[in-house]
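Please look over the sequence and the structure before going on to the notes.

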Amino acid sequence: MVGRAPQTYKQIAGKELAGNELTHYDFRTAGQSRTHHGHVMRDLGLKIISGAYPENSILPGDAELLERFGVSRTVLREALKTLAAKGLIQPKAKIGTRVLERSHWNLFDPDILVWHFEAGASAHFLSSIVEMRLALEPEAAGLAALRRTDAQLEKLYHWVARMGSARESAQEFVYSDLQFHIGIADASGNPFMRSISALIEVALVTTFTISSPIPNSESHVRSVARHAAIADAIKAGDAEAAKEAMRVVIREGAERVLTAGQAREA
C-alpha cells in the first residue's frame with residue numbers, strides 16, 4: 001500500500017489560510033526582496049526549497065534567467081552568489097549551476113527559513129524546528145534567570161502585557177511574542193542564543209497561522225499566563241523553573257498545530 005504523502009502546514013490549515021492575516025506576515029528579512037537582487041534571489045531560492053528545482057538538478061542558464069527576470073548580469077550574478085553562500089547552489093564550469101543536496105543548506109539562514117514557510121513547510125520540518133527550540137530556548141531562559149538585568153526583566157513584562165492586550169490581531173500577538181523570546185535570548189548573555197531569532201519567528205508565525213490563540217479568549221489568556229510564568233521564574237532567579245516554563249510554552253504551541261492537523265484529517 002502506498003503511504004500518504006506528508007502534509008505541509010498549508011494543507012493542514014486548509015481553507016482557513018485564505019482569511020488568515022499571518023499568510024501575509026511581513027518577516028523582518030522581507031525588505032531585501034523588494035530590490036532587484038532580492039527579487040531574483042527569493043524567486044530562485046523559493047523554487048529550490050519547494051522542489052521546483054530539485055536537489056542535484058541544474059538551474060536554467062544565465063541567458064534564460066536574464067530574460068526571465070529582466071535584470072543585469074551583475075544583479076543575476078550577485079543573486080546566485082548569495083544563494084551559493086547559503087549552501088543552496090554550486091556553480092561548476094562547463095556544467096552549470098547545480099542545486100545542492102539539502103544537507104548542504106544553511107537551515108539557520110533567515111531567508112531559507114522564511115522560504116520554507118512560504119513554500120509550505122512539511123510536518124517533519126516543523127517538528128524539527130520544535131526540537132531545536134526545545135534544545136536551545138529553555139537553556140536561554142535558565143541563563144536569563146541567572147544573568148538578566150532589571151531593565152531586561154522590565155522589557156519581558158512589557159511584552160507579556162502587550163500580548164495580553166492583543167485580543168484581536170494575531171499579527172500583533174506574534175510580534176509581541178517574538179519580542180518576548182528575543183528578550184530572553186538577550187537576557188541570557190549568550191550571543192549565540194540571539195542568532196536563532198529567525199527560527200523562532202518562523203516557528204511562531206507558522207504555529208499561529210495554523211492555530212492561533214487569537215481571538216479565542218480562553219487560549220489567549222492561557223498563552224499569556226504561560227509566558228508570564230517564564231518571566232516570573234526569571235525574576236525569581238529560578239533557572240530550573242524558567243526552563244520548565246519555557247518547555248511548556250513550546251510544547252503547547254506544537255500541540256496546537258498537531259491538534260489542528262488531526263481535526264482537519266478527521
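Which residues are linked in a network of salt bridges? The network joins Asp43, Lys47, Glu64 and Arg68. The model is a predicted one, and the structure holds 16 salt bridges.

**Salt bridges**

- Lys81 and Glu78 form a salt bridge in which the closest N and O atoms are 3.5 Å apart.
- Both residues sit in helix α4 (residues 73–85), and because they are three residues apart, about one helical turn separates them.
- Lys81 is exposed, with a relative accessible area of 53%, while Glu78 counts as partly exposed at 36%.
- Lys86 pairs with Asp109, and here the closest N and O atoms are 2.9 Å apart.
- This pair links distant parts of the chain: Lys86 lies in the loop between α4 and β1 (89–92), and Asp109 lies in the loop between β2 (96–99) and α5, 23 residues apart.
- Lys86 is buried, its relative accessible area being 8%, and Asp109 is buried as well, at 11%.
- Asp186 forms a salt bridge with Arg194, with 3.2 Å between the closest N and O atoms.
- Asp186 counts as partly exposed at 37% relative accessibility, and Arg194 is partly exposed with a relative accessible area of 32%.

**Helix α5 and its ends**

- Helix α5 covers residues 110–119, and seven of its 10 residues are buried, so the helix is largely enclosed by the rest of the structure.
- The buried residues of α5 are Asp111, Ile112, Leu113, Val114, Trp115, His116 and Phe117.
- At the start of α5, Asp109 places a side-chain oxygen within 2.9 Å of the backbone nitrogen of Asp111.
- Just after α5, Gly120 has a positive phi of about 95°.

**Helix α5 against helix α10**

- Two packed helices are described by the angle between their axes and the distance between the axes.
- The axes of α5 and helix α10 (residues 197–210) come within 9 Å and cross at roughly 10°.
- Angles under 35 degrees count as roughly parallel, so α5 is roughly parallel to α10.
- On the α5 side, the residues that meet α10 are Pro110, Leu113, Val114 and Phe117.
- On the α10 side, they meet Ala198, Leu199, Val202, Val205, Thr206 and Thr209.

**Asp177, a buried residue without a salt bridge**

- Asp177 is found in helix α8, which covers residues 170–187.
- Asp177 is buried yet has no salt bridge.
- The nearest side chain of opposite charge belongs to Arg133, 6.1 Å away.
- Leaving aside residues up to four places away in sequence, Asp177 touches Met163, Leu204, Phe208 and His227.

**Ala236, an exposed residue**

- Ala236 is in helix α11 (residues 217–236).
- Ala236 is exposed, with a relative accessible area of 62%.
- Ala236 and Ala145 are 91 residues apart in sequence, and their C-alpha atoms are 7.2 Å apart in space.

Note on methods. Residues numbered from 1 in each chain as written. Predicted model: local features only at pLDDT ≥ 70, side-chain atom pairs only at ≥ 80, totals over all residues. Heavy atoms only, no water. Helix = DSSP H or I, 4+ residues; strand = E, 2+ residues; numbered from the N terminus. Buried < 20%, exposed > 50% of the residue type's maximum accessible area, 1.4 Å probe, protein only. Lys, Arg positive; Asp, Glu negative; His and termini not counted. Salt bridge = Lys/Arg side-chain N within 4 Å of Asp/Glu carboxyl O. Contact = heavy atoms within 4.5 Å. Polar contact = N/O pair within 3.5 Å; in protein donor to acceptor, adjacent residues only side chain to side chain. Axes fitted to C-alpha atoms, helices over the stretch in contact; angles between N-to-C directions. Parallel < 35°, antiparallel > 145°, perpendicular 65-115°, else oblique.
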